[in-house]
Amino acid sequence: MIDFLIIGGGIAGISAAARLSALGSTTVLEAEDHLAHHASGRSAAMFEESYGKPATVALNVASKEYHADAGVLKPRGVLLVGDAGDTEAFDTDQARMHLDPITMAEAQEFIPILNPKKVDRAAYHADAWDIDTHELLQSFVRQARSNGAQVNTKSQVISIERITTGWEVNTKHTCYFARNIVNAAGAWVDVVAEMASVATLGFTPMRRSMARLPPPGGHDVTTWPLLFGAGETWYAKPDAGALLVSPADECPAEPHDAYADDMVLAEGLMRYEDHVTTPVIRLLSSWAGLRTFAPDRTLVLGPDPADRNFIWCAGQGGYGMQSSPAASQLLADIVAGNAPQIDAQSAAALSPARFTKGAA
């Protein structure tokens with residue numbers, strides 16, 4: 001009998017395995033051939049403490065020390081640009097992310113291709129970092145395995161049944177018996193809940209598309225900050241000598257192996273092009289991932305109120321990588337009955353109990 005059977009091998013499931021494996025026997029089931037195949041493996045991950053709703057920000061802040069100790073952060077910085085048509089959105093983003101106003105000359109020193117005929121304001125701060133997503137994932141894998149956890153790929157769950165001692169979970173080739181299920185299935189979390197006859201919470205997978213471009217104008221983009229338009233209508237980020245550009249789309253989708261929509265991608269690239277002096281000539285590649293949100297766009301961490309042996313680790317949205325150290329620790333603290341390391345208000349805002357009828 002396994003103590004914790006984790007369904008999903010992305011950053012949510014693997015970080016949960018690292019923490020829960022210290023509390024009991026743990027097995028991870030990942031449907032694909034390798035870990036982090038879907039959203040986790042397609043993330044243009046940044047660590048930006050102020051990104052997200054208040055409870056997410058609390059997790060971000062509490063995660064910083066782990067990221068630093070694991071050596072997965074590399075300086076990047078954030079540059080927000082705006083024009084005469086988006087003053088309100090610019091002001092909102094600047095205040096929310098605690099960015100300092102800079103001159104256009106200073107902005108062009110960071111990114112020389114900015115179009116001064118379009119961009120008339122900018123704000124910046126250095127306190128944002130690239131996350132080495134592979135190393136972060138592997139740090140949790142190593143921790144989980146050192147505690148005796150099993151990590152199984154090619155293990156798609158096909159049925160779940162509630163039994164007296166916990167759960168019977170079947171894949172195509174293996175039957176597992178577990179005291180607790182941890183639902184970390186990303187875009188499929190409500191599908192897993194339905195299999196287990198647990199009430200779904202109304203998660204929505206949202207497609208986010210990405211294009212990889214050659215370095216514009218032959219520039220060395222290595223040290224450029226993350227660049228984004230006011231209202232997060234597009235963003236661009238250096239990556240291994242190329243430039244990633246996203247339309248920052250959020251299109252509701254059914255759980256599936258996502259791919260970029262050509263029209264949505266083209267529209268987003270046009271918004272990017274409107275702010276720079278170098279046109280997009282060609283793409284090196286394009287892809288998409290599903291960022292899955294709860295109805296209130298805040299993570300869901302902890303046992304289901306109706307069945308304490310069904311544990312949610314869901315709704316990471318675009319915050320899974322940066323919040324994973326503290327989110328997984330909070331999950332383990334709740335399961336172990338320990339006091340959370342984040343404030344009580346934030347912990348309550350992350351609890352599945354908030355969806356219970358009549359909850360405050």
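User: What makes helix H1 (residues 11–20) mostly covered?

Analyst: This is a predicted model. In it, 10 of the 10 residues of H1 are buried. Buried means under 20% relative accessible area. The buried residues are Ile11, Ala12, Gly13, Ile14, Ser15, Ala16, Ala17, Ala18, Arg19 and Leu20.

User: Why are H1 and H8 called oblique to each other?

Analyst: H1 and H8 pack at an angle of about 40°. Roughly parallel needs an angle under 35 degrees, and roughly perpendicular runs from 65 to 115. The pair is therefore oblique. The axes of H1 and H8 are 8 Å apart.

User: Which residues make that contact, and which way is the crossing of H1 and H8 handed?

Analyst: The crossing of H1 and H8 is right-handed. From H1 come Ile11, Ser15, Ala16, Arg19 and Leu20. From H8 come Gly320, Met321, Ser324, Pro325, Ser328, Gln329, Leu331, Ala332 and Val335. By class, the contact has 8 nonpolar, 5 polar and 1 charged residues.

User: How do you know whether H5 and H8 are roughly parallel or roughly antiparallel?

Analyst: The axes of helix H5 (residues 133–146) and helix H8 (residues 320–336) cross at roughly 15°. Angles under 35 degrees count as roughly parallel, those over 145 as roughly antiparallel. H5 and H8 are therefore roughly parallel. Their axes come within 10 Å, and the crossing is left-handed.

User: Which residues of H5 and H8 meet?

Analyst: Thr133, Leu136 and Phe140 in H5 meet Met321, Ser324, Pro325 and Ser328 in H8. By class, that contact has 4 nonpolar, 3 polar and no charged residues.

User: What makes H2 and H8 roughly perpendicular?

Analyst: Helix H2 (residues 54–70) and H8 pack at about 100°. The range for roughly perpendicular is 65 to 115 degrees. The value falls inside that range, so the label holds. The axes of H2 and H8 are 7 Å apart.

User: Which residues build the contact of H2 with H8?

Analyst: H2 gives Leu59, Asn60, Ala62, Ser63, Tyr66 and His67. H8 gives Met321, Gln322, Ser323, Ser324, Pro325, Ala326, Ala327 and Leu330. By class, there are 8 nonpolar, 6 polar and no charged residues.

User: What is Gln322 in contact with?

Analyst: Beyond its neighbours within four places in sequence, Gln322 is in contact with Met46, Phe47, Glu48, Tyr51, Asn60, Ser63, His67 and Ile131. Asn60, Ser63 and His67 of H2 also belong to the contact of H2 with H8.

User: How do you know whether Ile160 is buried or exposed?

Analyst: Ile160 sits in strand S10. Its relative accessibility is 10%. Buried means under 20%, so Ile160 counts as buried. Ile160 touches Ile7, Trp167, Glu168, Val169, Ile181, Val192, Met195 and Ala196, leaving out residues up to four places away in sequence.

User: Where is Lys154, and what makes its phi stand out?

Analyst: Lys154 is in the loop between strand S9 (150–152) and strand S10 (157–163). Phi of Lys154 is near 55°, a positive value in a residue other than glycine.

User: What about the phi and the accessibility of Ala240?

Analyst: Ala240 is in the loop between strand S15 (235–239) and strand S16 (242–246). Its phi is positive, about 50°, although Ala240 is not a glycine. The relative accessible area of Ala240 is 72%. That value is over 50%, so Ala240 is exposed.

Technical notes
Residues are numbered from 1 along each chain as its sequence is written. This is a predicted model: local features need pLDDT of at least 70, side-chain atom pairs count only at pLDDT 80 or more; totals for chains, interfaces and linings use all residues. Side-chain values use heavy atoms; hydrogens and water are left out. Axes are lines fitted to C-alpha atoms, for helices over the stretch in contact, and angles run from 0 to 180 degrees between N-to-C directions. Helices (H or I, at least four residues) and strands (E, at least two) are DSSP runs, numbered from the N terminus. A crossing is left-handed if the near helix is turned anticlockwise from the far one by less than a right angle, and right-handed if clockwise. Contact means heavy atoms within 4.5 Å. Ala, Val, Leu, Ile, Met, Phe, Trp, Tyr, Cys and Pro count as nonpolar, Asp, Glu, Lys and Arg as charged, and the others, Gly among them, as polar. Buried means under 20% relative accessible area, exposed over 50%, partly exposed in between (1.4 Å probe, protein chains only).
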